[in-house]
Amino acid sequence: MTALRIALAEDDDAVRQVVTEWLQELGHRVTAVADGRALLNVCRSRPIDVVVSDVRMPETDGLTAATAVRRERGIPVVLMSASWTPAEEKQAAGLGAMILQKPFH
């Protein structure tokens, strides 16, 4: 398996830590941030293979950041949330994003 360069955005410290460790154990390189604005900065400043982002975060939400990343860089996106509105699901699907329902195993 090839190691991916993953940008992870999650505002919950504990979830961010667990997901980071899980992805690193799988052999991936993870840059973890706490909000969508920081996610955009990471994706604009270094090579990233895939984005994994929470949907609801401060500063810039995950859907807004993911939309910009897909438009600007074409990077694949995985979005995660404990609760999805129909509008959020529709927007995520329009991005071609994979959707993860929290909690996940």
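Start by selecting helix α1, which gives the most residues to the lining of the largest pocket: three. Keep in mind that this is a predicted model.

**Stop 1: the pocket**

Now show the whole pocket. Its volume is about 220 Å³. Fifteen residues line the largest pocket, and Trp 22, Leu 23, Val 52, Val 78 and Leu 100 lie nearest its centre. Colour α1 (13-25), β3 (50-54), β4 (77-81) and β5 (98-101); these elements each give two or more residues to the lining. What classes of residue make up the lining of the largest pocket? There are 13 nonpolar residues, two polar ones and no charged ones.

**Stop 2: the cores**

Next, select Ala 7, Leu 39, Cys 43, Ile 48, Val 51 and Leu 79. These have the most contacts inside the largest nonpolar core, which has 23 residues. In soluble globular proteins, nonpolar side chains tend to be buried together.

Zoom in on Leu 79. Leave aside its neighbours within four places in sequence. Leu 79 is then in contact with several residues, among them Ser 53, Leu 63, Ala 66, Trp 84, Ala 92 and Ile 99. Then select Leu 8, Leu 23, Val 50 and Val 52, which are included in a second, separate core of nine residues.

**Stop 3: the salt bridges**

How many salt bridges does the structure hold? It holds seven.

Select Glu 10 and Lys 102. They form a salt bridge, with their closest N and O atoms 2.7 Å apart. Glu 10 sits in the loop between β1 and α1, Lys 102 in the segment after β5, and the two are 92 residues apart.

Show all three residues: Glu 10, Asp 54 and Lys 102 are linked in a network of salt bridges.

Are Glu 10 and Lys 102 buried or exposed? Both are buried. Lys 102 has a relative accessible area of 15%. Asp 54 is buried too, at 6%.

Finish with Arg 44 and Glu 72. Their salt bridge has its closest N and O atoms 2.6 Å apart. Arg 44 is in helix α2 and Glu 72 in helix α3, 28 residues apart. Arg 44 counts as partly exposed because its relative accessibility is 47%. Glu 72, at 40%, also counts as partly exposed.

Technical notes. Residues are numbered from 1 along each chain as its sequence is written. This is a predicted model: local features need pLDDT of at least 70, side-chain atom pairs count only at pLDDT 80 or more; totals for chains, interfaces and linings use all residues. Side-chain values use heavy atoms; hydrogens and water are left out. On a 1 Å grid over the protein atoms alone, a cavity is a set of points where a 1.4 Å probe fits but cannot get out, and a pocket is an open set with protein on both sides within 12 Å along at least five of seven lines; lining residues have an atom within 4 Å of a point. Grid points are joined across faces, edges and corners, and a volume is the space filled by probe spheres set on the points. Helices (H or I, at least four residues) and strands (E, at least two) are DSSP runs, numbered from the N terminus. Ala, Val, Leu, Ile, Met, Phe, Trp, Tyr, Cys and Pro count as nonpolar, Asp, Glu, Lys and Arg as charged, and the others, Gly among them, as polar. A nonpolar core is a set of buried Ala, Val, Leu, Ile, Met, Phe, Trp, Tyr and Cys residues joined through side-chain atoms within 4.5 Å. Buried means under 20% relative accessible area, exposed over 50%, partly exposed in between (1.4 Å probe, protein chains only). Contact means heavy atoms within 4.5 Å. A salt bridge is a side-chain nitrogen of Lys or Arg within 4 Å of a carboxyl oxygen of Asp or Glu.
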